[in-house]
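Have it open while you read, and go through the points in order.

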Amino acid sequence: MEDEQLQQWIERVSITSFGRPFLHQARFNRRLTSTGGRYFTKSHDIEISWQQYEQFGADDVEKIIKHELCHYHLHILKRGYQHRDAEFKSLLQQVGGTRFCKSLPTAKRREPYRYKLVCTSCPTEYLRKRKMDPRKYACGNCRGKLKLLKLDLQEHS
Ligand SMILES: [Zn+2]
Ligand SMILES: [Zn+2]
């Protein structure tokens with residue numbers, strides 16, 4: 001599922017459940033774990049937690065989309081678009097959105113280490129989950145130059 005598909009999905013839900021178009025940007029946020037989605041009042045954009053999609057699937061995410069679209073449409077129509085507003089609550093119920101999303105496992109899913117930074121002047125090594133540019137950093141131990149090595153995934157997953 002790409003952002004573009006999410007965009008089309010939200011546009012479709014907007015028409016079918018709200019009878020109004022979604023005319024702004026939608027995207028997945030891969031680091032958003034505190035909540036299932038977010039609506040930005042300044043840009044009118046919607047962000048959906050990638051983890052929610054990955055863990056709970058399309059049905060649950062569609063309910064989150066409906067929730068965010070309630071904020072979106074009510075805000076644009078200058079109606080009560082906040083959680084405490086009666087209009088928000090009744091629209092949410094009407095379209096079948098969720099008030100709360102399922103919580104993600106508290107211990108963040110462990111991501112394996114994929115890289116190792118090794119110092120070229122001393123035996124220090126640093127494990128890294130993401131690729132990075134070793135030239136931007138120096139060894140914390142001796143300030144020596146670092147080299148990035150890709151780890152065999154089996155080793156640390
Ligand atoms: Zn909300
Ligand atoms: Zn070093």
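1. A quick definition before the charged pairs: a salt bridge here is a side-chain nitrogen of Lys or Arg within 4 Å of a carboxyl oxygen of Asp or Glu. By that rule the side chains of Arg38 and Glu47 form one, with N and O 2.9 Å apart. Bear in mind throughout that this is a predicted model.

2. How many salt bridges does a search of the whole structure find? The count is seven. One of them joins the side chains of Arg135 and Asp133, with 3.2 Å between N and O. Arg135 is exposed, with a relative accessible area of 75%, and Asp133 is partly exposed, at 24%. Elsewhere, bridges with shared partners join Arg27, Arg38, Asp45 and Glu47 into one network.

3. Now the overall layout. The protein has four helices and six strands, and their order along the sequence is α-β-β-β-α-α-β-β-β-α. Of the 157 residues in the protein, 37% are buried. If you take the contacts with a separation of 6 or more, 46% of them are between residues 24 or more positions apart.

4. On to the metals, starting with the zinc ion (ligand 1). Which residues are its protein donors? They are His67, His71 and His83, each through NE2, and they lie 2.0 Å from the zinc. Along the chain these donors follow the spacing H-x3-H-x11-H. His71 belongs to helix 2 (residues 50-76), and His83 to the loop between helix 2 and helix 3 (86-95), so the pair ties together parts that are 12 residues apart in sequence. His71 is buried, with a relative accessible area of 10%, whereas His83 is partly exposed at 33%. One caution before you read anything into the donor list: water is not among the atoms, so sites may look incomplete.

5. The zinc ion (ligand 2) has a cysteine site. Cys119, Cys122, Cys139 and Cys142 coordinate it through their SG atoms, at 2.3 Å. What geometry do the four donor atoms give? The site is tetrahedral, with angles of 100 to 116 degrees among them. For reference, the ideal angle for four tetrahedral donors is 109.5 degrees. The spacing of the donors along the chain is C-x2-C-x16-C-x2-C. Cys119 counts as buried, at 9% relative accessibility, but Cys142 is partly exposed, at 32%.

6. Helix 1 (residues 3-18) is worth a length check. Its 16 residues, at 1.5 Å a residue, should span 22 Å, and the end C-alpha atoms are 21 Å apart, which agrees. Just after helix 1 comes Gly19, with a positive phi of about 65 degrees.

7. Leu6, Gln7, Trp9, Ile10, Val13, Ser14 and Phe18 are buried. They cover an arc of only 165 degrees around the axis, which puts them on the same side of helix 1. What do the buried residues of helix 1 pack against? Their contacts are with strand 1, strand 3, helix 2 and helix 3. Glu4 and Thr16, on the other side of helix 1, are exposed.

Conventions:
Residues are numbered from 1 along each chain as its sequence is written. Chains are lettered from A and ligands numbered from 1 in the order in which they are written. This is a predicted model: local features need pLDDT of at least 70, side-chain atom pairs count only at pLDDT 80 or more; totals for chains, interfaces and linings use all residues. Side-chain values use heavy atoms; hydrogens and water are left out. Donors are N, O and S atoms within 2.8 Å of the metal (3.2 Å for Na, K and Ca); water is not among the atoms, so sites may look incomplete. Helices (H or I, at least four residues) and strands (E, at least two) are DSSP runs, numbered from the N terminus. Buried means under 20% relative accessible area, exposed over 50%, partly exposed in between (1.4 Å probe, protein chains only). Four donors count as tetrahedral if all angles lie between 85 and 135 degrees; four count as square planar and six as octahedral if opposite donors are over 155 degrees apart and all others between 65 and 115; anything else is irregular. The expected span of a helix is 1.5 Å times one less than its number of residues. The arc is that of the directions from the helix axis to the C-beta atoms. Contact means heavy atoms within 4.5 Å.
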